[in-house]
Amino acid sequence: MLSASLRNASDASRHLVLSCHRSRAHALLYDEINALAREAGVSADRLTQLLVLSRPGDGDGCDYKGRIDELIVRDVLTRLPTEGYTAPLSASLRPKPSVLFLVCGPDGFCDAVRRLLVSLGASVDRIHVFGS
């Protein structure tokens, strides 16, 4: 899905990929997604990839350290478009209704991320989970 969107010059979709792994060595598809973006000539405003490492090794660069939690999700949500949303709870963090969330990983991880997204205002029908 990401590949098709990025390779389609008429597709203006913006993507934010949050990759959560134990260490940089475990970061599946991280390099491949960056390579795809370069090959497709995609600008940074169309694709942002953030890396969360729970146990980074020496020299492992990442955007966040630790396990994904509400603080990380809140910070990531500040990078999403929010226009068109009026809500009393965390209005500045709530994604606009067109934002689609794709969550992939072990079942416990997917359940936790889904609960976090819903608690922060994401619509359940905009969250798609691909668990193990």
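## Confidence

Over which residues does pLDDT stay under 50? That stretch is residues 83–92, for which the model has eleven contacts beyond four places in sequence. Where pLDDT is low, the predicted coordinates should not be read in detail.

The structure is a predicted model. Its mean pLDDT is 81, and 84% of the residues reach 70 or more. Among the elements of the protein, S3 has the highest mean pLDDT, at 94, while strand S5 (residues 127–131) has the lowest, at 82.

## The sheet

Strands S1, S2 and S3 form an open sheet in that order, with parallel pairing. S1 and S3 stand at the edges with a single partner strand each, so one side of each has no neighbour in the sheet. Strands of a sheet pair through backbone hydrogen bonds, either parallel or antiparallel.

S1 and S2 are joined by seven bridges. Within this pairing, His-15 stands opposite Leu-47 of S2, and Leu-18 has Leu-50 as its bridge partner in S2. On the S3 side, two bridges link S2 to its parallel neighbour, and Val-52 stands opposite Tyr-64 in S3. S2 is mostly covered, with six of its seven residues buried.

## Helix H2

S1, helix H2 (residues 30–40) and S2 together make a right-handed β-α-β unit. The buried residues of H2 are Tyr-30, Ile-33, Leu-36 and Ala-37. These residues are on the same side of H2, because they cover an arc of only 125 degrees around the axis. An α-helix has 3.6 residues a turn, so residues three or four places apart point the same way.

The cover over the buried residues of H2 includes helix H1 (2–7), S1 and S2. Arg-38 and Glu-39, on the other side of H2, are exposed. Just after H2 comes Gly-41, which takes a positive phi of about 65 degrees.

## Helix H3

Helix H3 spans residues 70–77, and Ile-72, Val-73, Val-76 and Leu-77 are buried in it. Their arc around the axis is only 135 degrees, which puts them on the same side of H3. Several elements pack against the buried residues of H3: strands S1 (15–21), S2 (47–53), S3 (64–65) and S4 (101–105), along with helix H4 (107–119).

The N-terminal end of H3 is capped by Asp-69. A side-chain oxygen of Asp-69 lies 3.2 Å from the backbone nitrogen of Leu-71.

## Val-73

Val-73 lies in helix H3. Is Val-73 buried or exposed? Buried means under 20% relative accessible area, and Val-73 has 5% relative accessibility, so Val-73 counts as buried.

Which residues are in contact with Val-73, leaving aside its neighbours within four places in sequence? They are Ile-68, Leu-116, Leu-117 and Leu-120. Of these contacts, Leu-116 is 43 residues from Val-73 in sequence, with a C-alpha to C-alpha separation of 7.4 Å in space.

Definitions and conventions: Residues numbered from 1 in each chain as written. Predicted model: local features only at pLDDT ≥ 70, side-chain atom pairs only at ≥ 80, totals over all residues. Heavy atoms only, no water. Buried < 20%, exposed > 50% of the residue type's maximum accessible area, 1.4 Å probe, protein only. Helix = DSSP H or I, 4+ residues; strand = E, 2+ residues; numbered from the N terminus. Arc of directions from axis to C-beta. Contact = heavy atoms within 4.5 Å. Polar contact = N/O pair within 3.5 Å; in protein donor to acceptor, adjacent residues only side chain to side chain. Pairing = 2+ DSSP bridges. Right-handed = clockwise from strand over helix to strand, strands pointing away. pLDDT = per-residue confidence, 0-100.
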